[in-house]
Amino acid sequence: MLFTATASIQPVFNKVIITSGPTLEPIDPIRFISNRSSGKTGFHLANEARKRGIAQIVFITGPTCFLPSEVNLIQVETARDMQAAINEHFTQADVVIMAAAVCDYSSAEYFPNKLKKNNDPLTLKMVKTPDILAELGRNKKKNQILVGFAAETENILLNAKNKLSNKNLDLLVLNEISLSNPAFGSEENQVFLLRPDGIKKMNKMDKARVAALVWDEIRDLSGQL
Ligand code: CTP
């Protein structure tokens, strides 16, 4: 009789939260602040979670056309909406992957009517959005795995190490944003994977493969808990 090693294909996690895409912070009924995130990485992370048999995938995304199937899909716009949606599910989640490119600032004021132009320069006051990941890091339980992303253009490893420890993360996926690796909107990406116990530099590869490696790393981390 042939026995297969089922232990290696049993899903380790029951419920995961994956955030994706940009957030969109409105200024008036026409304008908003956002960023270049396409949502591809989050999409591939969700597909990979499904392939690995994870039962509950809560996919919380800002505006993007990359929407995975067979997930609990929650579409939001602002950082605050994203935070509220995460908080609904956080306590039961085994893993949270914050792949969303959350806007760090929003307009201090929402103008209910369209801002009309005149000849004066326009100054817009901006306020910080909540740092969702940092708050999750403060509240996370010992058995929860928290994964963050970082997009850096200078002092990349130093900034990333600080983010890993300041936000109390188990894993940080670092994108070096450069002309040769724009990351945002591309099919491929070159990332570093940082854990409290070390750093791995990965080759440039398509984003589906990056997603698989992130899940391998999460699985490996779960063995250490
Ligand atoms: N993030 C978040 N809430 C924010 C901003 C970012 O949860 N208001 C999360 C992102 O989803 C990502 C991680 O924090 O997983 C890193 O985001 P990044 O913008 O690179 O770093 P910041 O901590 O915002 O710092 P800075 O922009 O100064 O690099």
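Q: Which residues come nearest to the ligand?

A: This is a predicted model, in which local features need pLDDT of at least 70, side-chain atom pairs count only at pLDDT 80 or more, and totals for chains, interfaces and linings use all residues. Residues are numbered from 1 along each chain as its sequence is written, and side-chain values use heavy atoms, with hydrogens and water left out. A residue is near a molecule if one of its heavy atoms lies within 4 Å of it. Around the ligand there are 16 residues, of which Met98, Ala100, Phe149, Lys163 and Lys167 come nearest.

Q: What is the volume of the largest pocket?

A: Rolling a probe the size of a water molecule over the atoms shows where empty space is left. Here a pocket is, on a 1 Å grid over the protein atoms alone, an open set of points where a 1.4 Å probe fits, with protein on both sides within 12 Å along at least five of seven lines; lining residues have an atom within 4 Å of a point. The volume, the space filled by probe spheres set on the points, is about 860 Å³ for the largest pocket. Its lining has 38 residues, and Ala100, Ala101, Val102, Phe149 and Ala151 are the closest to the centre.

Q: Which element gives the most to the lining of the largest pocket?

A: Helices (H or I, at least four residues) and strands (E, at least two) are DSSP runs, numbered from the N terminus. Strand E9 gives the most, with four residues. At least two lining residues come from each of helix H1 (40–51), helix H3 (132–139), strand E9 (145–152) and strand E10 (171–176).

Q: How is an aromatic pair read, and how many does the structure hold?

A: A pair of aromatic rings is described by the distance of the centres and the angle of the planes. Rings of Phe, Tyr and Trp (its six-membered ring) pair if their centres lie within 6.5 Å; planes under 30 degrees apart count as stacked, over 60 as edge-to-face and the rest as tilted. The structure holds two such pairs. In one of them, Phe13 and Trp215 have ring centres 6.2 Å apart and planes at 45°, so the pair is tilted. Phe13 lies in the segment before strand E1 (15–20) and Trp215 in helix H5 (residues 207–222), 202 residues apart.

Q: Is Trp215 buried or exposed?

A: Buried means under 20% relative accessible area, exposed over 50%, and partly exposed in between (1.4 Å probe, protein chains only). Trp215 is buried at 2% relative accessibility, and Phe13 is buried at 10%.

Q: Where is Asn155 found?

A: Asn155 is in the loop between E9 and helix H4 (156–166). Although not a glycine, Asn155 has a positive phi of about 45°, and at 55% relative accessibility Asn155 is exposed.
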